[in-house]
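This report walks through one protein chain, part by part. Please look over the sequence and the structure before reading on.

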Amino acid sequence: MRQLTALDAQFLNVETATTAAHVAGLAILDSGEGAVNRDALADLLLDRLHLSPALSLRLAEVPLGLDRPYWTRDLDFDIANHLFELTLPQPGSDWQLAEAVAELHARRLDRSHPLWEMHLIHGLPEGRVAVYTKVHHAAIDGVSGAETLATLLDLTPDGHLVRRQEATPPTSPSKCGVGREGGDGTSREVSAGRGPGVVGMLAGAAARSVTQPVRAVGSAVRMAGDMDAIPLASRLPGAKAIARAARIVSGQRRDRPELPSLAAPRTPFNGPISARRHVSFGSLSLKDVKNVAKANALSVNDVVMTLCTSALRAWLSERGALPEEPLVVAVPVAVRKHGAKEAAGNQISAMIAPMPTDVPDARERLRLVGATMRRAKRRFALAPATWLQELCSLLPAPVTALATPAVFRLTGRLADMALPPVNLIISNVPGPQFPLYLCGGRVLSYYPMSVLTDMSGGLSITCFSYDGMLDFGVVACPERVDDVWSLVRHLREALEELLDERVGDEFRDGVGVDLVSCELPQVLLVDEDGGEHGRRDLQPRRVAAGPG
């Protein structure tokens, strides 16, 4: 039994009638000739539940909310509370799928059970099925979410059958804490550790309330050292001087790269959000993105950030709402240490950086994004930002639980007027570059989806690299973003703009694989003067999902 950290608990506190704080993913699969069905998914989940702690833990609330909740094993676990299925009406288009997923994504999870759900979605064309999975952000971050997904996937179509034959039911309380139904209908109980009980919880709450003032002072000093990197706080007069002084007081004398202005401009997607959600998704060639990155001596993440910057610029320009100043984005960064893989909860921080949406030239935007991200990464490498955790630790748990929804709503109203903390969150999670299988069905695409709040804005863009593609999931509040699909179109157009026009069309449309040698034909790269620059493979692509 483990108590939630202040950051974990904050993801619970932020939930309101208009905010659901879970992360999710939409997997598109080959149905494996019907092998991907509810019964197969139920068997797989029950067999592998012990491999991911987050899936078998539920919340144990401290009486009267006097302290942060605990994670405890669910002794009455029932797969029916977590696994569901639905069928889309014909013809089962991407729009219909996105509409169904948006409705699921808008619903908050039931806190009386482990905080996750899986929905099997039928009715897609070409024998495909979709699996939408959501897990509360209090239980996982982006990296641990990918690890959780990996426990359910296999390297071969029959991997789930082999592992099921080899598997033995876990018996250690540290490995699993759920009861499960055997294949013959009998119940096989697995022992599980019990929590400290009501008295133990209250005693812990009392002890922490005594030491809270001391811990709050420490958090305030450490947070002040990052004051020049905190949204809104960095705009206060003397923020940089206060940050430098706080670092000296705490013994951090090493200079840090100064950050540019983090004053986020007003945009249509900043302000209070509603409970509704719209979703879109689409894929880009990872090889195309890598070619752009290599040609410009940048990272793949730099190119992804540039594509998002260009798409946002185009979307805002279409509506006559492009600010003169750069947009400011929050980029989640994993700080999960070695050996922490088994722990539920969040181990993340965030880099706040301006994105040059105000720059009209695509190549110059690419260069500036690279320079901005390099500066932000250098600073993060010297001193990983801890202000997010420290901010959540400033106040006692009961006060934080009561104050958080009001603070987020107030911040949303300020953002609607002129003072958004950030304009949106953009996240890029690396994934495997080889095919994976779920219950015998090949995973064709995996579109991640994140959280919207009044404070972070009514739009989020998340990217996951998988099997030669970059899969983008876009979540938006329809009252803030009127056309969520156009953002996916603008992402594609932004990549087209950066690719070499002389070989781009042949490269992107090439599907000529030598089926005998399994080698890809090559295209010669030349410059405008006819000079050769080597060769590269033509890359067959997965069909990019999404309208357009």
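## Terms and model

Two strands are said to pair if DSSP finds at least two bridges between them. Helices (H or I, at least four residues) and strands (E, at least two) are DSSP runs, numbered from the N terminus. This is a predicted model, in which local features need pLDDT of at least 70 and side-chain atom pairs count only at pLDDT 80 or more, while totals for chains, interfaces and linings use all residues. Residues are numbered from 1 along each chain as its sequence is written, and side-chain values use heavy atoms, with hydrogens and water left out.

## A three-stranded sheet

An open sheet is formed by 3 strands in the order β1-β4-β3, with antiparallel pairing. At the edges stand β1 (2–3) and β3 (57–60), each with a single partner strand, so one side of each has no neighbour in the sheet. Strand β1 runs antiparallel to β4 (residues 70–73), and 2 bridges join them. Arg-2 stands opposite Trp-71 in β4.

## Confidence

The predictor's confidence in each residue is given as pLDDT, from 0 to 100. The protein averages a pLDDT of 81, and 80% of the residues score at least 70. Two stretches have pLDDT under 50: residues 168–193 and residues 501–541. Counting contacts (heavy atoms within 4.5 Å) beyond four places in sequence, the model has 45 for residues 168–193 and 62 for residues 501–541. Where pLDDT is low, the predicted coordinates should not be read in detail.

## Enclosed strands

A residue is buried at under 20% relative accessible area, exposed at over 50%, and partly exposed in between (1.4 Å probe, protein chains only). In strand β12 (residues 348–355), 8 of the 8 residues are buried, so the strand is largely enclosed by the rest of the structure. In a regular strand the side chains alternate between the two faces of the sheet. Both faces of β12 are covered: one has Ile-348, Ala-350, Ile-352 and Pro-354, the other has Ser-349, Met-351, Ala-353 and Met-355, and all are buried. Strand β11 (residues 327–334) runs antiparallel to β12, with 8 bridges between them. Across this pair, Leu-327 stands opposite Met-355.

In β10, 7 of the 8 residues are buried, so this strand too is largely enclosed by the rest of the structure. It pairs with strand β17 (residues 469–476) in the antiparallel sense, over 8 bridges. The bridge partner of His-278 in β17 is Ala-476.

Arg-277 sits in the loop between α7 (239–249) and β10 (278–285). Beyond four places in sequence, Arg-277 touches several residues, including Thr-19, Ala-102, Leu-452 and Pro-478.

Thr-19 lies in the loop between α1 (6–13) and β2 (22–30). With a relative accessible area of 3%, Thr-19 is buried.

## Salt bridges

A salt bridge is a side-chain nitrogen of Lys or Arg within 4 Å of a carboxyl oxygen of Asp or Glu. By this rule the count is 17. One of them joins Asp-8 and Arg-2, whose closest N and O atoms are 3.9 Å apart. Asp-8 is buried at 0% relative accessibility, whereas Arg-2 is partly exposed at 28%.

Asp-302 and Lys-377 form another, at 3.4 Å between the closest N and O atoms. This pair links distant parts of the chain, with Asp-302 in helix α9 (residues 300–318) and Lys-377 in helix α10 (residues 362–382), 75 residues apart. A further bridge, at 3.7 Å from N to O, is made by Arg-365 and Glu-497. Arg-365 lies in α10 and Glu-497 in helix α13 (residues 485–498), so the pair ties together parts 132 residues apart in sequence. Arg-365 is buried, with a relative accessible area of 3%, while Glu-497 is partly exposed at 43%. A network of salt bridges links Glu-318, Arg-319, Asp-482, Arg-489 and Glu-493.
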